[in-house]
Amino acid sequence: MRHYRLTNQERAATGFTDAYALDHKDLTATSGTTQTIVLETLGANQNILYSDAALIVNEAFSGDGVTNCQVKVGHDALNGGSADDDYFISNSAVTILNTFLGGATGSTSTNLTAAATVDITFTVAGTGKNPDDVTAGSLVVYLKVIRQNDFIPSQG
């Protein structure tokens, strides 16, 4: 997985601040049908996290005997609340090239008073198939995270 902080021009054009690129090589689980990958751990009292999100499939996810691959993007718990594994992106198939998914409706923001982990969960389908059986696929997740160090030193 690769994490990119978007440029000022990209931020202005899309409204997102961060991009997380993943491909089939990130899927390494050899048992079970799901694998969760941490995209980022955000510190307490240093970040504002928005519910805005987008995901685009740059290469369809597939593999011999893999009949479906789905993803959802969520968090482990915001400010001591409950974990929500599809808070940003609901469980959706990523088996078609150029699939473009939007996030939650209505933008809301959360001032993180406790550390939080943002993660993506992959689920594969197919008789006896595991995440490491996926042999093709790539996607990019876009999120909006405002960090305190974006403003330091601040004017004033």
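Guide: Buried here means under 20% relative accessible area, exposed over 50%, and partly exposed in between, with a 1.4 Å probe and protein chains only. Gln35 is buried, at a relative accessible area of 12%. This is a predicted model, in which local features need pLDDT of at least 70, side-chain atom pairs count only at pLDDT 80 or more, and totals for chains, interfaces and linings use all residues. Residues are numbered from 1 along each chain as its sequence is written, and side-chain values use heavy atoms, with hydrogens and water left out.

Gln35 belongs to strand E3 (residues 34-42). Strands (E, at least two residues) and helices (H or I, at least four) are DSSP runs numbered from the N terminus.

The side chain of Gln35 makes polar contacts, that is, pairs of N or O atoms within 3.5 Å; within protein, one atom must be able to donate a hydrogen and the other to accept it, and residues adjacent in sequence count only if both atoms are side-chain atoms. This side chain reaches the backbone oxygen of Asp26 at 3.3 Å. A polar atom of the Gln35 side chain also lies 2.9 Å from the backbone nitrogen of Ala29.

Contact in the wider sense means heavy atoms within 4.5 Å. Leaving aside residues up to four places away in sequence, Gln35 touches Asp26, Leu27, Thr28, Ala29, Ile120, Thr121, Phe122 and Pro131. Phe122, with that same exclusion, has contacts that include Leu22, Leu27, Gln35, Ile37, Phe61 and Leu139.

In soluble globular proteins, nonpolar side chains tend to be buried together.

As for the whole, the protein has 1 helix and 10 strands, in the order β-α-β-β-β-β-β-β-β-β-β along the sequence. Buried residues make up 42% of its 156 residues. Of the contacts with a separation of 6 or more, 76% join residues 24 or more positions apart.
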